[in-house]
Amino acid sequence: MTDMNVPDTLLAAREAVATKQISAVELTRATLARIEKNDPTIKAFNSLAVERALQQAALVDDGQRTGPLAGVPIALKDNLCTNWGTTTCSSKMLANFRAPYDAHVVQKLEQAGAVFLGKTNLDEFAMGSSTENSAFGATRNPWDTARVPGGSSGGSAAAVAAGLCCGAIGSDTGGSIRQPAALCGVVGLKPTYGLVSRWGLVAFASSLDQIGPLTWTVSDCAALLNVLVGPDRRDSTCIDQPAPDYLAQLNQPIKGLRLGVAKEFSAAQGIDPRVQAAVNQAIQQYQAMGAELVDISLPHTDYGIAAYYVIAPCEASSNLARYDGVHFGHRTAHAVDDIVELFSRSRAEGFGEEVKRRIMIGTYALSSGYYDAYYNRALKVRRLIKQDFDQAFGRCDAIICPTSPTPAFAIGERTSDPLSMYLADTFTVTCNIAGICGISLPCGFTDGPRPLPIGLQLLGPAFGESTILRAARMYEQATDWHRRRPAGQSQVAREG
Amino acid sequence: MNGKQTKITLEQVRHVGQLARLALDEDVLQRLTPQLESILDYIAKLNQLEVDHVEPMAHAVAMTNVLREDVVEPSLALEEVLRNAPATDGPFFKVPKVLGEDDSAG
């Protein structure tokens, strides 16, 4: 097989390995060769596991490793613990951290036969929307390397888009899977809170964090989600119910699909007209396929970002209290007089600016006298947001809206104004706040010499993954956006 | 919103930095103060909502305590636990003295 024929999608890779068109070792080598060639520019990976990947692939070729992902090269966001390599969270704090165990999802992928290529870059501790807040440097968008890939799972999204893996795992606390998926022109799904165990995911905001897949296609997304889900008593929020086979149901179109269009999303400020136009076209496409549009109202949408920037920093300030320079992580080399100085210097040296900013917001909001005014009030607003969705999903099967208000922005464009960066999450945060599910899939490109992808978001009710995947698949079958590739990569032929 | 609702002083930011155990340099404090003020000012829009009779929602899964049988299970080996520690002494994490000269009364 020439490089042009090496599959870059998950199900095609699985099929090629299963039918021995390519060995798992050959596929791994070819993918590693792409990484070697392109990742010095893209910078999607923090670390590679070359030897281990080739060993894991050889075991597939020997028939010792089987499963639904046998031989498929997968990239892991570098906030998922692995008992090999480092788990850095793109932070100086954890630059040398070697986790003593595998995250639950890593175990599941391993059992499914996946080949792990390495760990992908992120905004430090998953705090950010551009992957610029990485202690190891920014990841570049494969469609235009002067632009960000989105974040915080920007390394995972860019790795998929650049053909450096056949699927990647990310985490999503306020949009961190869906927004980079949108900006990189790939599919990203945030599962319902409680569907996927977070055991071994380095905690950011525990009531919001979820782990999910990033892939080229909706089918790949369903195949990867199938492996990630399932009960795990080590994460007590993980529901104890068997999940359906998302892939088996995927090609059944939803007859009489009712799509909710929220007036608050349409009225949101700062939507790029090119994004609005592409989403409107997608809505028309759904109508042409027989979907019914339902006008809905999510009246508390406008409070989503504000509630999020209380809840997430409060939980982060608590979760990140564990980095003390004592048990693991960075310790100051400065001479210190006492242990408080050891903590304070180690933390100030180990954390980057955005992480400090969020710890400060959270600490302020939780400090004596402010708890009710901030955290408790935000938790009440969270219930109002959840009730909005409950009412809306009484009238529609899924809600359709943009994923990100804009296509990929330029590197450095928003770093000086944290609040403008936070507003990148306008359409994605309420999904995490309410604990429902959402998927982003490509729905168009901007014009110009370097076209940028535009993402369409479908939000579904809690445990409505089957619905949004099937609805997304309907759209994907009718369009060709998912076959486009960045310049220099082989385009995917129709039904290829 | 019209005008600033939230006023944050450098001294408040310094105090919060101490609570958060972050040794922040003066220039970082200077930079953080207006940033925190503008973020908290944005957050203040939550005050526009009437929430007196709304129950707070801690997270999306309706569950309270999750219990298991109180049975001893294997845990990480000591060397695994200590492997990432910046400083150790035998089976212990090593730290500078915890109590200062004036803290002898506890």
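User: Which residues touch the most other members of the largest nonpolar core?

Analyst: In soluble globular proteins, nonpolar side chains tend to be buried together. In this predicted model, the largest nonpolar core holds 179 residues, and Ile74(A), Leu117(A), Ala159(A), Val160(A), Ala307(A), Tyr309(A) and Val310(A) touch the most other members. The largest share of this core, 10 residues, comes from α10(A). A nonpolar core is a set of buried Ala, Val, Leu, Ile, Met, Phe, Trp, Tyr and Cys residues joined through C-beta atoms within 7 Å. A residue is buried if 20 or more other C-beta atoms lie within 10 Å of its own, exposed if 12 or fewer, and partly exposed in between, with C-beta atoms placed from the backbone. Residues are numbered from 1 along each chain as its sequence is written, while chains are lettered from A and ligands numbered from 1 in the order in which they are written. Local features need pLDDT of at least 70 and side-chain atom pairs count only at pLDDT 80 or more, whereas totals for chains, interfaces and linings use all residues.

User: What does Ala307(A) touch?

Analyst: Leaving out residues up to four places away in sequence, Ala307(A) touches Ala378(A), Val381(A), Arg382(A), Ile385(A), Ile433(A) and, from the other chain, Leu46(B). Contact here requires C-beta atoms, placed from the backbone, to lie within 7 Å.

User: In what order do the strands of the sheet stand?

Analyst: Strands of a sheet pair through backbone hydrogen bonds, either parallel or antiparallel. Here 11 strands of chain A form an open, mixed sheet in the order β1-β3-β2-β4-β6-β5-β10-β11-β9-β7-β8. β1 and β8 (292-296) of chain A are at the edges with a single partner strand each, so one side of each has no neighbour in the sheet. Helices (H or I, at least four residues) and strands (E, at least two) are DSSP runs numbered from the N terminus, and two strands pair if DSSP finds at least two bridges between them.

User: How does β3(A) pair with β1(A) and β2(A)?

Analyst: β3(A) (residues 115-120) has six of its six residues buried. Three bridges link it in the antiparallel sense to β1(A) (residues 45-48), with Ser47(A) opposite Lys119(A). Five bridges join β3(A) to β2(A) (residues 73-77) in parallel, and Pro73(A) stands opposite Val115(A). From β2(A), the chain crosses through helix α4(A) (residues 104-111) to β3(A) in a right-handed β-α-β crossover; with the strands pointing away from the viewer, the path from the first strand over the helix to the second runs clockwise.

User: Which residues of β4(A) lie on each face?

Analyst: In a regular strand the side chains alternate between the two faces of the sheet. In β4(A), Ala168(A), Gly170(A) and Asp172(A) lie on one side, Ile169(A) and Ser171(A) on the other, and all are buried. β4(A) (residues 168-172) runs parallel to β2(A), with two bridges, and antiparallel to β6(A) (residues 210-215), with five bridges. Ala168(A) is opposite Ala75(A) and has Leu214(A) as its bridge partner in β6(A).

User: How many residues does each chain give to the contact?

Analyst: Chain A gives 53 residues and chain B 42. On the side of chain A that touches chain B, α13(A) (372-392) gives the most, with 10 residues.

Definitions and conventions
Two residues are in contact if their C-beta atoms, placed from the backbone, lie within 7 Å.
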